[in-house]
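The entries follow in the order in which I checked them.

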Amino acid sequence: MIKEHLHIDWNLFHFLRPEWLWLFIPMAIIALMTFIKSSSAQQWQKKIAPHLRPFIINKGSRFAQLGPIILFIIITSLMVISAAGPTWKKVEVPGSKSEAILLIALDLSQSMLVEDISPNRLERAKFMVKDLLEAKPGARVGLMVYAGTAHTVVIPSMDYDMVAYQMENLQPSIMPLPGTKLKNALSLADTLLNQTEAPSTLLLISDDINSVQSSDLKKFAQTNHHKIELLSLATLQGGKIPKPSGGYYKKDGEFVISKLEQNILFELQKEKNIHVNTMSFDKENMKAIAEKVRENLEFRSKDEENEEE
């Protein structure tokens with residue numbers, strides 16, 4: 001054990017903070033100026049008669065003057081080298097790996113209150129996210145919401161309890177603008193996911209995806225290396241969209257029905273980085289997503305892998 005710690009691999013020797021080595025320059029200047037000053041102070045000795053110098057000059061005087069300079073150089077050098085962080089071991093430090101992110105993007109448009117799924121789409125989404133967190137995906141989890149605008153609720157972290165707590169109080173009424181602007185949500189998701197180089201996962205929870213939103217989602221999938229898990233919470237029969245003030249939305253005298261666009265989901269499923277999840281009332285879907293996330297929690301760039309080889 002002791003031999004292992006004392007062994008130095010000079011091929012790996014380096015400084016963690018090499019910029020501190022610049023302090024050797026002012027240290028050398030101070031030492032040189034002190035030495036010159038000390039040498040100048042010795043000039044008066046030449047004015048003393050040679051046969052009297054042994055009786056007037058102390059033999060230890062020269063060492064007494066140079067000793068502090070030498071001590072200063074030794075102590076300062078040790079301090080500078082220590083501050084520079086000499087090391088001869090290759091260890092994993094924060095930043096050498098990128099941790100994957102699981103970002104939950106929750107649709108908070110008014111149609112998420114449709115009751116074609118018991119108790120309604122939004123509450124069912126909350127149950128499913130709770131199941132996902134209980135399945136322990138292992139990655140940092142972030143939460144964002146969107147309607148007419150998109151907003152971050154919880155930045156990616158390992159605090160699953162915080163994500164679950166914030167989910168409980170989410171309602172369409174908190175959103176500043178109504179609507180379902182998926183493009184805004186994808187723009188925010190791109191910013192959050194690109195905090196890491198690791199291929200991460202976007203869990204998109206919505207209800208009815210229309211053709212425009214489908215096009216935006218395809219473009220996002222084709223220009224990113226992240227995986228998209230789409231969870232569509234709607235039925236083929238659909239349901240009426242409730243108004244915030246009561247009643248239901250109508251168009252041309254007919255109730256506006258929000259329902260599952262199955263053909264659009266089939267097209268999205270063909271995309272390489274998009275996986276469409278069917279709604280289920282058990283925990284299997286969420287367990288499967290958690291398992292996928294756990295498979296690639298850490299990512300190491302090719303350059304770093306080549307260095308180790």
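I was working on a predicted model, in which local features need pLDDT of at least 70 and side-chain atom pairs count only at pLDDT 80 or more, while totals for chains, interfaces and linings use all residues. Residues are numbered from 1 along each chain as its sequence is written, and side-chain values use heavy atoms, with hydrogens and water left out.

Next I looked for the partner of Glu134, and its side chain meets that of Lys283 in a salt bridge of 3.7 Å, N to O (a side-chain nitrogen of Lys or Arg within 4 Å of a carboxyl oxygen of Asp or Glu). Glu134 lies in helix H5 (residues 121–134) and Lys283 in the loop between strand E13 (274–277) and helix H10 (284–295), so the pair ties together parts that are 149 residues apart in sequence. For helices (H or I, at least four residues) and strands (E, at least two) I used DSSP runs, numbered from the N terminus. Lys283 is also partly exposed, at 41% relative accessibility.

I searched the whole structure for such pairs and noted eight salt bridges. One of them joins Glu229 and Lys292, with the closest N and O atoms 3.2 Å apart. This pair links distant parts of the chain, since Glu229 sits in strand E8 (residues 227–232) and Lys292 in helix H10, 63 residues apart. Glu229 is buried at 5% relative accessible area, whereas Lys292 is partly exposed at 35%.

I then checked Lys270 and Glu267, whose side chains meet in a salt bridge at 3.1 Å, N to O. Lys270 is exposed at 64% and Glu267 partly exposed at 36%. I also noted that salt bridges with shared partners join Asp116, Arg121 and Asp207 into one network.

For the backbone, I kept in mind that most residues other than glycine have a negative phi, and most peptide bonds are trans. I found a cis peptide bond between Ser118 and Pro119, with omega of about -10 degrees, and I placed Pro119 in the loop between strand E4 (101–107) and H5.

Lys136, not a glycine, has a positive phi of about 55 degrees; I located it in the loop between H5 and strand E5 (140–146), where Lys136 is exposed at 58% relative accessibility. Asp252 likewise has a positive phi of about 55 degrees without being a glycine, and I found it in the loop between strand E10 (250–251) and strand E11 (254–255), exposed at 74%.

Conventions
Buried < 20%, exposed > 50% of the residue type's maximum accessible area, 1.4 Å probe, protein only.
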